[in-house]
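Work through the exercises below with the structure in view. Try each task before reading its solution.

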Amino acid sequence: VVQRKRALEPKLEHTYPDYFSKYSMVTFREDLPYAEAKEKGNAQDKFLMEVCSHAGEADEIDLADVIEKVRSGNLNT
């Protein structure tokens, strides 16, 4: 599951310029307070782990569906 998540995040970052992994939010987003970045990143990580637990491979994951949920803040699978 962790490996699928690690494969998924770069795809999301390269496909959607408005997607930021937890690492990117905490490290590079000066416009986002650390506490908020960490909170959002933790929720996002939990969501992506859940998505990845239901997929055989990262390539099977619907990126458009994932980014829509991340953008809306609706991180329930």
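**Exercise 1. Counting salt bridges**

How many salt bridges does the count come to?

Solution. This is a predicted model. Apply the cut-off: a side-chain nitrogen of Lys or Arg must lie within 4 Å of a carboxyl oxygen of Asp or Glu. By this rule, the count is 7 salt bridges.

**Exercise 2. A pair inside one helix**

Find the salt bridge between Glu9 and Lys5, and work out where its partners sit.

Solution. Step one: check the distance. The N to O distance between the two side chains is 3.2 Å. Step two: place the residues. Glu9 and Lys5 both belong to helix α1, residues 2-15. They are 4 residues apart, so about one helical turn separates them. Step three: check burial. The cut-off for buried is under 20% relative accessible area. Glu9 has 12%, so Glu9 is buried. Lys5 also counts as buried, at 12%.

**Exercise 3. A pair across the chain**

Which residue forms a salt bridge with Asp18?

Solution. The partner is Arg71, with the closest N and O atoms 2.8 Å apart. Now place both ends. Arg71 lies in helix α4, residues 63-72, while Asp18 lies in the loop between α1 and α2. They are 53 residues apart, and the pair links distant parts of the chain. Asp18 has a relative accessible area of 42%, so Asp18 is partly exposed.

**Exercise 4. A serine in a loop**

Is Ser21 buried or exposed?

Solution. Locate Ser21 first: it is in the loop between α1 and α2. Its relative accessible area is 6%, so Ser21 is buried. Then list its contacts, leaving aside neighbours within four places in sequence. Ser21 is in contact with Glu9, Glu13 and Gln44.

**Exercise 5. The nonpolar core**

Which residues of the largest nonpolar core touch the most other members?

Solution. The core has 14 residues. Leu8, Leu12, Tyr19, Leu48, Ile61 and Val66 touch the most other members. Helices α1, α3 and α4 each supply at least two residues of this core. Take Leu48 as an example. Not counting residues up to four places away in sequence, Leu48 touches Lys5, Leu8, Glu9, Leu12, Tyr19 and Val66. In soluble globular proteins, nonpolar side chains tend to be buried together.

**Exercise 6. The whole protein**

How does the radius of gyration of the protein agree with that of a compact globule?

Solution. Begin with the elements. The protein has 4 helices and 0 strands. For 77 residues, a compact globule would have a radius of gyration near 11 Å; the protein has 12 Å, which agrees. Its C-alpha atoms fill a box of roughly 35 × 25 × 20 Å along the principal axes. Buried residues make up 34% of the 77 residues. Finally, take contacts between residues at least 6 apart in sequence: 59% join residues at least 24 apart.

Conventions:
Residues numbered from 1 in each chain as written. Predicted model: local features only at pLDDT ≥ 70, side-chain atom pairs only at ≥ 80, totals over all residues. Heavy atoms only, no water. Buried < 20%, exposed > 50% of the residue type's maximum accessible area, 1.4 Å probe, protein only. Contact = heavy atoms within 4.5 Å. Core = buried A, V, L, I, M, F, W, Y, C linked by side-chain atoms within 4.5 Å. Rg over C-alpha atoms; globule rule 2.2 N^0.38 Å.
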